[in-house]
Number of protein chains: 2
Amino acid sequence: MNRVEPSWDFYRTFLMVLRERSLSAAARQLGLTQPTVGRHIDALETSVGFPLFTRSPHGLMPTDAALELRPYAETLAATAAALLRAASGQHGAIGGTVRISASEVIGVEVLPPILAELHREHPELSVELSASDVVEDLLRQEADIAVRMVAPVQEALVARHIGAVPLGFHAHRSYLERRGIPRNLEDLSRHSVIGYDRETPAIRSIIGRAPDLPIGRFAFKADSNLAQLAAIRAGFGIGICQNAIAARDPDLMHVLTDAFELKLETWLVMHENLRATPRCRVVFDALARGLLDYLRQ
Amino acid sequence: MNRVEPSWDFYRTFLMVLRERSLSAAARQLGLTQPTVGRHIDALETSVGFPLFTRSPHGLMPTDAALELRPYAETLAATAAALLRAASGQHGAIGGTVRISASEVIGVEVLPPILAELHREHPELSVELSASDVVEDLLRQEADIAVRMVAPVQEALVARHIGAVPLGFHAHRSYLERRGIPRNLEDLSRHSVIGYDRETPAIRSIIGRAPDLPIGRFAFKADSNLAQLAAIRAGFGIGICQNAIAARDPDLMHVLTDAFELKLETWLVMHENLRATPRCRVVFDALARGLLDYLRQ
DNA sequence: CGCGGTTCATGCATTTTAGTATAGCGGCAA
DNA sequence: TTGCCGCTATACTAAAATGCATGAACCGCG
């Protein structure tokens, strides 16, 4: 029963051990040594009064109690990182680091040129791009700015509606020369169709809005939209992707243009507190302009 | 230009120095010594690369940059405290600490018996009551459960509507015997009326819903509703308070019952993540029952 | 004006903490 | 089996952080 508050550094170590499930691995990540990490965990355990991990030669198994504490530790880590990003932009003028969250496809296919242009204008500005389809929590400030394909629901967020990204079926010219061009949705059953593997939340939100497709089974399955895009480009078959991305490649053909269309509403979202922060403002505006340009194509 | 992340403990001392505006005072609060606190600040300043305070013999003045970092540090502190509260309830069964936020009047006049009853049922449960009219942020987990008089807007909060607390004009019997009983709102101008001093957000939200009152000036002004209540009880004059509180005291009379009534909608609010936490569930349910009983009076 | 109060800064001794090296344990493959 | 590689735990040493004592500057007060 220790009455003193534990060192906040212990929380950092605790979180890393949770993530790595091993003292040694956590020590490597943190730039510490394994005995030190072990001592931190020991100290935290005596401080809270119950064990956090069961030790084993394979690593550490978190107890249920430790798992309940994990979200708090994650928030601590996200906040500490956000504090450092905020500090990085305090040297005057526009500079520092901004963390952007976007889907894989947007992050890989759309954002890089926008961000490169931005960086030419503001060389002091660093950008962290988290290209992932798992939604990062802006309230927790896991990211400063997010490109979202779902309408933001949270208060305390400033959102700008960018527009609708049109999606459609595309295939490589070589594939269509081999297998022919489908004329209607029924033709798809005679084609190699590229689709999703498991129903992730992101995918479910998309197929929920899509019309019923007469697709028996997919010839190529991948949850990663990037992998699907790569399959389309490789001539594997017919798949769905953003029209504007496909239009860049003269070998990619838009098929079933009349029979099928899907629109993804796009928002740019930022935490309200960052509205007055110059570096975030600049990035927000640059992304808004860049994405609008992208949509106009 | 330091590449290593600063110790999270530095954030804790940083925040305390911001709050206390002095190294020595912060050291006393933290159980450290003044040189240690000074070294923490020095280390943090070299780490972020710019000064956080201007030193003076009177204390430390935070720079603008330091003030921008403050909200992050506050979030860190709130989260660390929430983590410890969560840890305090992990010893099995129901126990630990729950932090409740409520208005001054509710916290002083209504909650204590409810919490005392709760504590008899669960002696292992500790309660932190923050009786203040400044709204604590549940998303930041500055409190676990809040009794709110405004509708909760945030997502990620579980709210239960309790009902409407009726307010009315009340005065002490001795006052009314001296000055007479007002029969309509116009009579109030010939009475000593107890009201607010400055327009705080909490007060503004109340008077916004109140009908126009023909009150020239207040004879007694206090922002604290508790102080107003005390003035009513002391026979200073006529003031507004919760009917149920006044009804407990046989010497307090409800006046202008027909001419004036105001209802405060009441919600019980909790962070969604805590719904499954036994100790919070128990407190939430006990508060809901207790407040409903209070409303039925 | 000196005096007690406060503040922060600095040098030095001590305690605390981290790192190094090693031992022990368990799985895996030749 | 034996050898290897991962993990954790422990003893010992080195480094770093803390506390103590002190000095200097500033404020208010008699």
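Before we start, a word on classes: Ala, Val, Leu, Ile, Met, Phe, Trp, Tyr, Cys and Pro count as nonpolar, Asp, Glu, Lys and Arg as charged, and the others, Gly among them, as polar. This is a predicted model, where local features need pLDDT of at least 70, side-chain atom pairs count only at pLDDT 80 or more, and totals for chains, interfaces and linings use all residues. Residues are numbered from 1 along each chain as its sequence is written, while chains are lettered from A and ligands numbered from 1 in the order in which they are written.

**Stop 1: chain A.** Color chain A by itself. Its C-alpha trace spans about 75 × 50 × 30 Å along the principal axes. You'll find 10 helices and 11 strands in chain A; these are DSSP runs numbered from the N terminus, with helices being H or I of at least four residues and strands E of at least two. Of the 297 residues in chain A, 36% are buried. Here a residue is buried if 20 or more other C-beta atoms lie within 10 Å of its own, exposed if 12 or fewer, and partly exposed in between, with C-beta atoms placed from the backbone.

**Stop 2: the two domains.** Select 8-86 and then 92-297 in chain A: these are domain 1 and domain 2, with bounds from an automatic or database domain assignment. Their C-alpha centres lie 35 Å apart. Where they meet, five residues of domain 1 of chain A and seven residues of domain 2 of chain A make the contact; two residues are in contact if their C-beta atoms, placed from the backbone, lie within 7 Å.

**Stop 3: DNA strand D.** Now show the residues around DNA strand D. How many residues surround DNA strand D? There are 18, and the closest are L23(A), S24(A), P35(A), R55(A) and T36(B). (A residue is near a strand if its C-beta atom, placed from the backbone, lies within 6 Å of it.) From chain A, α2 (23-30), α3 (34-48) and β2 (59-62) each give at least two residues to this surface, as does α3 (34-48) of chain B.

Stay on α2(A) for a moment. Its buried residues are L23(A), A26(A) and A27(A). Looking down the axis of α2(A), these fall within an arc of 100°, so they line one face of the helix; the arc is that of the directions from the helix axis to the C-beta atoms. Their cover includes α1, α3 and β2 of chain A.

**Stop 4: DNA strand C.** Switch to DNA strand C, where the closest of the 18 surrounding residues are T36(A), S22(B), L23(B), S24(B) and P35(B). By class, this surface has eight nonpolar, eight polar and two charged residues.

**Stop 5: between the chains.** Select both chains: 29 residues of chain A are in contact with 29 residues of chain B. On the chain A side, α4(A) gives the largest share, 14 residues. That side divides into 17 nonpolar, eight polar and four charged residues.

**Stop 6: α10 of chain B.** Finish with residues 278-296 of chain B, helix α10, which has 19 residues. Its buried residues are R279(B), C280(B), V283(B), F284(B), L287(B), L291(B) and Y294(B). Down the axis of α10(B), they fall within an arc of 125°, so they line one face of the helix.

Notes
The expected span of a helix is 1.5 Å times one less than its number of residues.
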